[in-house]
Amino acid sequence: MRVDVVTVFPDYLAALDLSLIGKARQAGLLDLRVHDLRDWTTDRHRTVDDTPFGGGAGMVMRPDVWGTALDDVLGEDGHLVIPTPSGEVFTQRHAEALATEQHLVFACGRYEGIDARVAEHYRAAGRRVSELSIGDYVLNGGEVATLVMVEAVGRLLPGVVGNPESLVEESHGAAGLLEYPVYTKPPVWDEHEIPEVLLSGHHAKIARWRRDRALERTAARRPDMIAALDVAGLDKHDVAKLAELGWAVVDGGLARAAAL
Ligand code: JB8
């Protein structure tokens with residue numbers, strides 16, 4: 001996959017030289033290039049921003065500078081990704097979809113963001129444009145959000161994660177549940193023991209125990225994910241466990257059971 005990042009802080013993206021994503025780049029699985037937006041300015045001060053029409057605090061990034069930069073970088077088939085707190089919330093589903101693309105271009109805004117005509121222009125030109133937020137909080141610019149999205153997408157590329165089985169049983173995976181708790185050696189640490197079933201070698205019992213812990217965790221931390229579960233994917237033990245946790249199957253969906 002080819003990924004381009006356009007930013008006024010190219011050094012911010014240095015973290016992508018490291019770890020799994022750095023290895024993917026060295027292995028030729030990910031061709032990642034970072035560009036300085038100011039390379040496309042033409043004035044002595046290398047200006048990328050100006051005051052907002054209509055008034056208000058802060059500065060807005062100029063569409064003309066972004067337009068020349070993106071015309072150069074998008075190429076034939078680039079899918080434009082614009083991190084913004086006013087975008088759709090980026091999820092594992094977005095990561096999976098973006099991982100199937102040939103070419104992504106991340107446009108990192110700063111200040112109050114990028115002039116809205118930029119997204120509009122590339123959509124009107126028939127480009128795919130995704131305005132995405134990494135969560136309900138506000139960063140100072142799109143760089144950290146881009147790091148998050150490149151890592152989430154990059155680890156899904158074939159060959160990047162050494163053991164693809166690691167991608168199967170994950171939080172936010174197909175099961176729609178958070179992951180069960182995990183343990184390793186030593187078996188006793190600071191008087192804390194590990195759950196005995198994990199030493200039993202009884203694979204079916206271990207699978208059921210993990211499923212129950214995943215259901216409990218998800219019910220406690222992410223009731224929205226329980227409400228969104230596909231009932232067709234639940235077995236009778238799941239339904240019994242969910243009943244214990246205060247959830248009932250109603251009209252083919254899950255609803256909080258009335259308090260007793
Ligand atoms: C200016 O919170 B964020 C985010 C914040 C930003 C810009 C982009 C993204 C640009 N502020 O995801």
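## Ligand site

In this predicted model, an oxygen atom of the ligand lies 2.8 Å from a polar backbone atom of Leu 139. That distance falls within the 3.5 Å limit for a polar contact between N or O atoms. The protein covers 95% of the 310 Å² of accessible area that the ligand has on its own. The ligand takes up the space of the largest pocket.

Leu 139 is one of the residues that surround the ligand. Tyr 137, Val 138, Asn 140, Gly 141 and Gly 142 are also among them. Pro 83, Thr 84 and Pro 85 belong to the shell as well. So do Gly 109, Arg 110 and Tyr 111. By class, this shell has six nonpolar, five polar and one charged residues.

## Overall form

The secondary structure of the protein comes to eight helices and 11 strands. The radius of gyration is 23 Å, well over the 18 Å that the globule rule gives for 260 residues, so the protein is more spread out than a compact globule. Along the principal axes, the C-alpha atoms fill a box of roughly 70 × 45 × 40 Å.

## Backbone exceptions

Most residues other than glycine have a negative phi, and most peptide bonds are trans. Two places in the chain call for a look against that background.

The peptide bond from Lys 185 to Pro 186 is cis, with omega near 5°. Pro 186 sits in the loop between helix H5 (143-154) and strand S8 (188-189).

Glu 191 is not a glycine, yet its phi is positive, at about 70°. This residue, Glu 191, is found in the loop between S8 and strand S9 (192-193).

Technical notes:
Residues numbered from 1 in each chain as written. Predicted model: local features only at pLDDT ≥ 70, side-chain atom pairs only at ≥ 80, totals over all residues. Heavy atoms only, no water. Near = heavy atom within 4 Å. Polar contact = N/O pair within 3.5 Å; in protein donor to acceptor, adjacent residues only side chain to side chain. Areas by Shrake-Rupley, 256 points an atom, 1.4 Å probe, with all protein chains shown as cover. 1 Å grid on protein atoms, 1.4 Å probe; cavity = no way out; pocket = protein on both sides within 12 Å on 5 of 7 lines; lining within 4 Å. Sits in = over half its atoms within 2 Å of the grid points. Nonpolar A, V, L, I, M, F, W, Y, C, P; charged D, E, K, R; others polar. Helix = DSSP H or I, 4+ residues; strand = E, 2+ residues; numbered from the N terminus. Rg over C-alpha atoms; globule rule 2.2 N^0.38 Å.
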